[in-house]
Amino acid sequence: MSDAPANALRPESPRPRARLELAIIGNCTIGALVERQGSIVWCCMPRFDSPPVFDALLHSQDGLPLAGAMTVELEGLARHEQAYDPGTAVVRTRLWDAQGQGVEITDFAPRFVSRDRIFRPAQLGRRVRPLAGRPRVRVTVRPQGAWGAAQPTVTRGSHHLRYVLPEGTWRLNTSAPLTYVHDGTWFALHAPVSLMLGPDETMSEGIDETARDFEERTALYWRHWTRRLALPLQWQDAVIRAAITLKLCQYEDTGAIVAALTTSIPEAPDSGRNWDYRYCWLRDAFFVVRALNSLSEVGTMESYLRWLYDIVRGSGGGHVQPLYGIGLERDLPESIVEVAAGYRGMGPVRLGNQAQEHFQHDVYGGIVLGAAQAFHDSRLLQRPGAADFAALETMGEQAWRLHDQPDAGIWELRTRARVHTSSVLMCWAACDRLAHAARALALPQRAALWRERAQKIRQLIHERAWNEKRQAYVESLDGEHLDASVLLMAEVGFLPARDPRFVRTVDALVATLCDGPFMRRYEAPDDFGRPEVAFNVCSFWLVDALARIGRHDQACEAFEALLASRNHVGLLSEDTAPATRELWGNFPQTYSMVGIVNGAVRLSAPWDSVV
């Protein structure tokens, strides 16, 4: 007989193909993605934009590897299922073999009130318990550093493994056999085991007791949070999942809201459209805040406004970038991570984002819109005053000065500048909302000034963004191409939704950009050619526009189709391939999840129709 250990002779489990069939867990400090068979394949710690500790998702050309992941495998896996506990950010994955033996994996990131404040450590919790029989499992924890280039130095304690990486040291406290976890040995699971991965700190209580307590308190926190939401009558489960996901994308220490948790998931197969979205785009964050406000969740706005006003005051009234790091970082240089092959091998993998260098004039409208509600909302603990208004006026001055100047636009074109209609529109919104805020503060002269400026920009859009030949508002002043971003005209209140010009614009966009309910961003080729897939938020903009112009049944049909394209736990990425309904692009995309909330709120029957 061979002297090799029995475990070495056991064949590896099949490596599942990478897909965006992922669940998010998090606590507003970190976030992690759990694939359908229970592997944590992406997690950046201690911040959303830190180098990943688990990065198997970006090394998945031959399937999802064990390295760069935290896994629980079941020997002889025959089927699996995964779902969230209702109203929480706690996800359960169940694995079964052909004999009916099974295990349940419960994943969460601790978040609950402790000592009168939110406890949200950079920590992952995982509990594994047998469901039936004597299932054999393999539990592995294989973090990586330097984007997969560095393997950890592992040391062993009495009840923990310590992983030393170039970026820092992490400790796994576990009640599972340390030898089996360290060596990747298959063993029979006779009783529940717990794993808590976080900072290199001693755990004061027992591992199983702590994990159980943290899970229960985390689930209770989220149920209480969900209970306070002002939900629409219809599509409540979809809205709850979207709202929790949006909240999980806020880095609560500063208030910044990331566009997504990932980097470099391509917008379409082998497209090269691979970007790092782990930063805060001011435009995206505004839509997140507004969506949660529509559900009466104002805490996210209050936290975000602190971050936003730091941006405004730090700008000195001058140029504002379209995005910043979650810690107010301005310098986010873009580079390629050579050691990572990318999602399904579809590189490049990018770190940083060149859009930080862009001039995108819609950003000033995004800032003012993001702060505008606070001037009218009596629920807030700290209402903005004259000093806050004066700070916002500096953004309005920028909007007024730049409203008719070329920029990179909402879609961040890298080699072409035009006077984009969406940018002019958002400059109008900045002036319009400042007029409303001035009235709320009893500043009639300022209100009159901003109202006059808004009217001049409105006239410019009507005169130069309308294309008589296309019978539509087009993507740039004096342009000719169609662009889905003009649908925001109704959403930001630029004109009545049933204005004949807007109705004709909707019809033109549907005829040119849509595959059923799925809408592409624009028709003209960009730096990478013509868009191949639907941009999910554009599809939701269409739903909103259809509802506003009175086509309620058509809007509902489209909305239901978009909900059907979500993954198995109700999440969306940035893009959808209409032919296959496969998700592409960074995940989960806040812009897309906003569309779920907005669509349900817009289309739902009123509560008084049933009570």
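Which residues lie nearest the centre of the largest pocket? They are G299, E302, S303, R306 and L381, among the 29 residues that line the largest pocket. This is a predicted model, in which local features need pLDDT of at least 70, side-chain atom pairs count only at pLDDT 80 or more, and totals for chains, interfaces and linings use all residues. Residues are numbered from 1 along each chain as its sequence is written, and side-chain values use heavy atoms, with hydrogens and water left out.

Stay with the pocket. Its volume is about 730 Å³. A pocket is an open set of points on a 1 Å grid over the protein atoms alone, with protein on both sides within 12 Å along at least five of seven lines; lining residues have an atom within 4 Å of a point. A volume is the space filled by probe spheres set on the points, which are joined across faces, edges and corners. Helices (H or I, at least four residues) and strands (E, at least two) are DSSP runs, numbered from the N terminus. Helix α6 gives the most, with seven residues. By class, the pocket lining has eleven nonpolar, six polar and twelve charged residues. Here Ala, Val, Leu, Ile, Met, Phe, Trp, Tyr, Cys and Pro count as nonpolar, Asp, Glu, Lys and Arg as charged, and the others, Gly among them, as polar.

Now go inside. The structure holds five cavities of 30 Å³ or more. In a cavity, a 1.4 Å probe fits but cannot get out. The largest cavity has about 350 Å³ of space. It is lined by 22 residues, and E267, Y277, W411, E412 and R521 are the closest to its centre. Ten of the lining residues are nonpolar, two polar and ten charged.

The second largest cavity has a volume of about 100 Å³. Of its 13 lining residues, W411, L413, R416, E475 and D483 are the closest to its centre. The lining has six nonpolar, four polar and three charged residues.

Last, a helix pair. The axes of α8 (residues 386-402) and α9 (residues 421-440) come within 9 Å and cross at roughly 150°. Therefore α8 is roughly antiparallel to α9, a term for angles over 145 degrees. The contact (heavy atoms within 4.5 Å) is made by F389, L392, E393, G396 and A399 of α8 and C427, A430, L434, A437 and A438 of α9. Eight of these residues are nonpolar, one polar and one charged.

Key: Axes are lines fitted to C-alpha atoms, for helices over the stretch in contact, and angles run from 0 to 180 degrees between N-to-C directions. Angles under 35 degrees count as roughly parallel, over 145 as roughly antiparallel, 65 to 115 as roughly perpendicular and the rest as oblique.
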